[in-house]
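Keep the model open while reading.

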Amino acid sequence: MEGYYNAREEEHEANKSAGETWGKIRSKLSEYISADAFSRWFKNADLINADEQDGIVGVQSDMHQIWIETNYMDELRAAFAEGAGIHCSPRIVVKGEEIELPEEEVKQAARKARAGGQVKVVTPDTSAKEVAFERRLKRVGINPELDFESFVVGDNSQFAHAACSAVAHQEGRNFNPLFIHGGAGLGKTHLMSAVAQQLLSGNPKAKVVFLTAEHFANEFIEAVRKGNLDAFRKAYRHADAMLIDDIQFLAGKERTQDEFFHTFNSLLNSQTQLILTCDCPASEIQTLEPRLISRFESGLTVELQPPGFEIRVAILRRKMEQWKVELDNNIVVHIANQIKSNVRRLEGALTRVASYSFLSPDNMSIEKVDELLGDLVRDENTNLITVEQIQKMVVDYYGLNLSDMTSRRRPARIAFPRQIAMYLSRQLTKLSLVDIGEVFGKRDHGTIIHACKKVKADMESSSEVRASVEKLTASLERQI
Amino acid sequence: MVGADSYQARQGGNSMKFRIAKEAFLDGLQQVQHVVSSRTTLPILSNVLIEAGDEGLRLTTTDLDVGVSGTAKAEVSKPGATTLPVKRLVNIIRELPSAEIEVSVDNKNVASIKSGPSFFKIIGLPDGEFPPLASFDDAKEYKIPQAIFRNGLKKTSYAISTDETRYVLNGIFTSFKEGKLTLVATDGRRLAMVDHELEFPSSHEVDFIVPTKAVQELQRLLSTEGDLMLKLSDNQVCFEIGASIIVSKLIEGNYPNYRQVIPGESKERLTLSREQLLETTRRVSLLSSEKSNSVKLTFGQNQVDVMANSPDIGEANETLEVKYDGKQFSIAFNPEFLMAPLKNLEEDEVHLDLIDEMSPGVLRTEDAFLYVLMPMRVTG
């Protein structure tokens, strides 16, 4: 990560002249705001850091921070620009809280915070540093609880975990960009947050950009609307590390993709670490430009699989320890057996059962668990529709033979039902295009894409097709 | 509340039976139903705990952060307890045709509700599953006249911040110090504060933050007569208002030092009629633009011009006559923020203290009320 070392040197340079720079900014600022406000809020403020893209101002209390952040940011921004030529959104921190923390201390702080339960308890005796670190994480948009320690590693996630850990410790220079994909609630965001936390605790001044692709798109649209694309580019193209969640959101947003492509290239060229997450492999994001796909695939791609039974139990145990709840072993096993697809849902299930058992410990039983988890388990099962079931249902509906689903024959009365079956497989199962193609007589994934598009278009134009598809979907879901 | 404890302790048979006037039942339920959120992970939290004893009914709801409990007069023929879905119950009771209602609950927590010709059966949950409200055995106690507390909340609560990233500001800072009860709320653009002298032992000096939700419940239940009893434990607070109880967790953390916000010496002071200023601002603000959302106050010899304009729509202007012979200048405020305290005060006159067009304005009354309001940038 050369970006880091460069940034550090620059920073050092900047610090030497910080006093001078701050003098200029202050004198500009005193022109913009009233004397009373200046002496009240900025008299004892210091410039903690200032370089090309970043300004940090230290103030003496949290009230100073709140009041300045709500009322004087425009003036401060202008003073940075006019006084020192720094175009940035300055950050306000409370002095004494921004001290760099040795890594171990941060870990301890985090551990201590977790031991206190999931509610963040800020008491006067928690050290200001912990609070400061958490506050910094929150500002970047990272949930402090999502770190490497709280991630349960299993066969399903070992490779992804190892890759992220290497990147976090800046050993994985070649893993750039790192592309993490996997279904919902399997820990993509968790791993990415963990990397960001590690990078920040290693170097608190690192500029880590952590955002969702949706956020990126919105900011881009806003920047276009306001006509300040320059500032937008500056903000992102000078990051030390850029982490983008849910990149599939870019699908179908051509101009955003274009901007993203250039940002992406410029970061990659300056060897900035990039991490992307997506709910499917890059090649399967619909309507994503090929050049972006190939960029995404140019680094390391890792996949998160749904956890196996043992891992699910381990995850539940870990959570129980964290929340300080105790449950019967067979109840834990039962939950792990019922909820298979998704870790987030697994945690949700545990929350329900744990809070119920907290409130009425005597009524706990397997039957009660089933009752509590009823809707989750039903949801769970909708994921279990198989392509075989779909094929059977479609064949019955249209009066065809099962072999027609895999055959090469293409009269319309066979081809169209087959396309509907492909479309339904795409909608109702979690299989990839390639896998679906495989079960439909080793067809190419392009055929499946074409089928999906065709059925979608026909559903829009013909109410008959729409009715058939809806009927099939409903009866498939009922069958489960 | 000795009554409450003995109610809660009763774990006897689940079946119960009582007769109650429709209005009494509805009033009692409406008092407690607001804390129940429509989306909750635990079914029991959608329910109201109904405990029938010799003195009538005690009704309790909670969302685990805030709990509310109140009473309703009833003729209990068989004491007992159960829980029933509160929103549904309220809807049913409200629609019942007769003024008298008979409720009986069997030992499977199925409630039969009879009123005139109509009959309802609703399925409840056992009262044993209902989370008990925290107890306040060794708590510090404060006796406060309801009128004072109600008034204080009314004059400050509109300034509470709704920004969840600054969670310490999502409530009212309540301080018992130096023989005074002080209530403060701020959102970073304005700050409202009320002081009131109050007697309490000096060993009871303390401050804490009451979350918004509890403040809302308090405002519903407080009246202008009688006293309320405030009890404080480590991280919870309890308000006893007559037979009603509100129990709430406190917001953990330190409230920022709000005194830093209050400007020192002012240069100009105006005394205005509260009502007039409110009416004028309300009228003029009809033409404040969405973008700037401000009204401009221009002070001249014995008059204040209140103005607003939006470029594409038009402008409004109204002149207030006041006693003023200070310097001529203008200051702009967000009209909503200017009107909020005016709406919630009762005094006829308010004082507006100003320094210059860029410094915060301070609204005061003869009482110990103070409101700091940041000006908006005056353009043009």
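Begin with a pair of residues in chain B: I50(B) stands opposite L59(B) in β3(B). The model is predicted, so local features need pLDDT of at least 70 and side-chain atom pairs count only at pLDDT 80 or more, while totals for chains, interfaces and linings use all residues. Residues are numbered from 1 along each chain as its sequence is written, and chains are lettered from A and ligands numbered from 1 in the order in which they are written.

Strand β2 (residues 47–53) of chain B pairs with β3(B) in the antiparallel sense over five bridges. Strands are DSSP runs (E, at least two residues), helices likewise (H or I, at least four), both numbered from the N terminus; two strands pair if DSSP finds at least two bridges between them. A hairpin of two residues links β2(B) to β3(B).

On to the next strand: β3(B) also pairs with strand β4 (residues 66–72) of chain B, in the antiparallel sense and over six bridges. Here T61(B) stands opposite V68(B) in β4(B). The hairpin of β3(B) and β4(B) has three residues between the strands, and L64(B) takes a positive phi near 75° in it.

Strand β3 of chain B, residues 56–62, is mostly covered, with seven of its seven residues buried (20 or more other C-beta atoms within 10 Å of a residue's own, C-beta atoms being placed from the backbone; exposed is 12 or fewer, partly exposed in between).

Between the chains, 22 residues of chain A are in contact with 24 residues of chain B, contact being C-beta atoms, placed from the backbone, within 7 Å. α4(A) gives the most to the side of chain A that touches chain B, with six residues.

Technical notes:
Two residues are in contact if their C-beta atoms, placed from the backbone, lie within 7 Å.
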